[in-house]
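Subject: Structure handover and findings

Hello,

Here is the structure for you to look through. My notes follow below it.

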Amino acid sequence: MKTNSTDAILVKSLVYAVNGTTILKGVDFRAAYGEIVGIMGASGSGKTTLLKCIAGLLRPTAGEVWIEGVNIAPLSEREKMPLRLRLGIVFQYAALFDYMTVYENVAFGLERHRRLPRSEIARIVKERLAWVGLEGVEHLYPSQLSGGMRKRVGLARALALDPHIVLFDEPTSGLDPVNAYQIDRLIHRLNRELGLTAVVVSHDVTSLFRTTDRIVVIDSGQIVEEGTPEAIRQSEHPKVQAFLRMASTESLEEQAGI
Amino acid sequence: MREELVWQDEEAPQRASVAGVVLEFIGGLTLLLVASVRGLLAGRKEWREMLHQMAFIGATSAPIVVLTSAFTGAVITLYSASLLVRVGGGSFVGGATALAMARELAPILTGIMVTARCGSAIAAQLGTMKITEQIDALRALAVSPVQYLVVPRLIAGLLMFPLLGAIANFAGVLGGGVVATAFEISPFTYLRSIQLFVEPFDFIGGLIKTLVFALIIIMVSCHQGLSARGGAVGVGHATTRAVVLSMVLVFIANYFLADALFARR
């Protein structure tokens with residue numbers, strides 16, 4: 001795998017070990033500009049750890065993480081700060097600042113990194129909230145919102161600083177099918193309209209199949225399969241088959257082959 | 001500088017040895033302190049957060065500091081007066097109370113009360129932010145948690161502690177004065193005694209102590225909060241540890257400060 005100027009993200013032989021346990025065992029991963037890549041795997045497979053290494057929130061034990069041509073793996077927290085503005089992260093439980101209103105959450109990064117007049121910040125916040133389909137909730141606190149709304153506010157906050165890449169950690173987990181569908185459509189639309197590169201970590205097979213351009217399957221810290229959603233569906237890799245079978249809607253009797 | 005070490009230990013090794021735990025604590029605290037001092041000297045100041053914390057640590061702690069100090073001053077006077085008046089030493093009572101308050105009780109009571117009220121709250125808030133990924137969200141938005149959360153609390157603590165210490169002194173002496181009148185020591189005698197036996201440095205030394213206590217309590221509480229892990233139980237543990245460690249370190253520091261400030265005078 002060589003560095004390519006079309007790669008927004010390039011991960012080479014990434015190892016992450018902690019507490020004597022190796023969570024990622026030499027992962028290679030890439031995402032081209034404008035691509036939606038899914039990372040599929042069971043809980044504990046290391047998919048969120050991979051996402052956090054890409055985000056620069058965890059320091060890899062070994063390997064390289066190139067974000068738009070810069071290897072962030074050896075950088076200090078201070079050196080990574082300006083690079084973080086290129087990435088937006090949507091956390092699994094939204095991670096909204098719970099003592100701030102929706103408005104303050106979305107405006108938080110803008111107030112600190114952009115020298116903008118108050119009215120301009122207000123305009124951007126309103127626009128980002130409109131993008132994610134939320135209007136008139138600016139004055140509410142996160143505790144007053146539903147799970148789906150919180151995730152959308154988290155997305156609006158991540159989009160406030162115009163990132164080139166957005167990382168999604170389990171965007172649909174804990175949501176009902178209607179809300180999950182809306183989030184998926186939102187990811188798809190932002191990708192098509194703004195050209196955002198998106199990495200979606202999920203164990204929600206349905207969601208990944210309908211949103212992504214390409215899926216990598218991770219198991220026990222290693223990439224076991226990679227391809228288009230269609231190719232993954234046809235994959236003969238036993239781990240992938242087992243994962244898909246268990247996620248299917250067949251009844252337990254059917255799955256057991258009775 | 002590996003300042004991220006402070007909050008990157010989500011799955012850090014559970015060291016079995018006591019020495020390992022102690023070293024990890026000292027190491028983490030030192031790293032946080034260095035990062036905070038750097039943030040204090042340079043970098044964006046979070047004025048709003050700082051004012052908020054000043055109100056929380058200072059203004060809302062004042063009533064409880066006043067109450068505890070007044071009763072402590074009163075009880076010191078109760079004992080010293082009942083003893084001294086019997087041997088005709090009523091004119092020593094004011095000095096005894098004021099000296100005890102200025103050198104020891106005002107700083108220590110301030111430390112204990114603020115630890116109980118604010119140290120615990122700081123650890124709980126930062127701990128909750130840690131386990132709900134809000135700390136990571138700050139970092140993802142390119143905002144340093146040290147700059148945004150620790151530095152404002154440290155500045156607020158360093159500004160408000162001496163003020164609370166001074167208020168505690170005043171309340172203690174006042175509380176003692178009220179009790180003194182019950183032993184037929186006039187306010188004039190009481191104040192005259194303070195004038196005779198208490199030097200300005202006793203008061204200033206006490207305030208210097210509160211500065212050191214502020215540093216200990218705020219840094220320990222922030223450190224425990226930021227290194228919390230493992231859900232609601234983890235936040236509970238972090239809060240308990242913040243209070244216990246702050247108190248123990250305050251009492252240890254108090255001995256050495258007393259030795260350095262007052263023992264050789």
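A salt bridge here is a side-chain nitrogen of Lys or Arg within 4 Å of a carboxyl oxygen of Asp or Glu. This is a predicted model: local features need pLDDT of at least 70, side-chain atom pairs count only at pLDDT 80 or more, and totals for chains, interfaces and linings use all residues. Residues are numbered from 1 along each chain as its sequence is written, chains are lettered from A and ligands numbered from 1 in the order in which they are written, and side-chain values use heavy atoms, with hydrogens and water left out.

**Salt bridges**

Over all chains, the search of the whole structure finds 28 salt bridges. One of them joins Arg48(B) to Glu104(A), with the closest N and O atoms 3.8 Å apart. The pair crosses between chains. Arg48(B) sits in helix H2 (residues 47–59) of chain B, and Glu104(A) in helix H3 (residues 102–113) of chain A. Helices (H or I, at least four residues) and strands (E, at least two) are DSSP runs, numbered from the N terminus.

How accessible are the two partners? Buried means under 20% relative accessible area, exposed over 50%, and partly exposed in between (1.4 Å probe, protein chains only). Arg48(B) is exposed, because its relative accessible area is 67%. Glu104(A), at 25%, counts as partly exposed.

Helix H2 of chain B also holds Glu49(B). Glu49(B) forms a salt bridge with Arg153(B), and here the closest N and O atoms are 3.0 Å apart. Arg153(B) lies in helix H6 of chain B, so the pair ties together parts that are 104 residues apart in sequence. Are Glu49(B) and Arg153(B) buried or exposed? Both are buried.

In chain A, Glu230(A) and Arg233(A) meet in a salt bridge (3.6 Å, N to O). They are three residues apart in helix H8 (residues 229–234) of chain A, so about one helical turn separates them. Glu230(A) is partly exposed at 44% relative accessibility. Arg233(A) is partly exposed at 45%.

There is also a network of salt bridges. It links Lys52(A), Glu77(A), Arg84(A), Glu133(B), Asp136(B) and Arg139(B). As background, side chains of opposite charge can pair when their charged atoms come close.

**Chain B overall**

Chain B has nine helices and zero strands. Along the sequence, its pattern reads α-α-α-α-α-α-α-α-α. The C-alpha trace spans about 70 × 40 × 35 Å along its principal axes. Of the 265 residues of chain B, 52% count as buried.

Two packed helices are described by the angle between their axes and the distance between the axes. Axes are lines fitted to C-alpha atoms, for helices over the stretch in contact, and angles run from 0 to 180 degrees between N-to-C directions. Angles under 35 degrees count as roughly parallel, over 145 as roughly antiparallel, 65 to 115 as roughly perpendicular and the rest as oblique. A crossing is left-handed if the near helix is turned anticlockwise from the far one by less than a right angle, and right-handed if clockwise.

- H3(B) (residues 62–84) and H6(B) (residues 145–182): the axes come within 6 Å and cross at roughly 40°. The two helices are therefore oblique to each other. The crossing is right-handed.
- H3(B) and H4(B): the axes come within 9 Å and cross at roughly 150°. That makes H3(B) roughly antiparallel to H4(B). The crossing is right-handed.
- H4(B) (residues 93–131) and H9(B): the axes come within 8 Å and cross at roughly 150°. These helices are therefore roughly antiparallel. This crossing is right-handed.

Gly119(B) lies in helix H4 of chain B. Gly119(B) is buried, with a relative accessible area of 1%. Its C-alpha atom is 16 Å from that of Pro162(B), 43 residues apart along the chain.

**A nonpolar surface patch**

Which residues form the nonpolar patch on the surface? They are Val244(B), Val248(B), Ile252(B), Tyr255(B) and Phe256(B), with about 520 Å² of accessible area together. Patches are made of residues with over 30% relative accessible area and no salt bridge: like charges are joined within 9 Å, nonpolar side chains (Val, Leu, Ile, Met, Phe, Trp, Tyr) within 5 Å. Accessible areas come from the Shrake-Rupley method with a 1.4 Å probe; for residues, only the protein chains shown count as cover. Val248(B) lies in helix H9 (residues 231–263) of chain B. Val248(B) is partly exposed, at 44% relative accessible area.

Best regards
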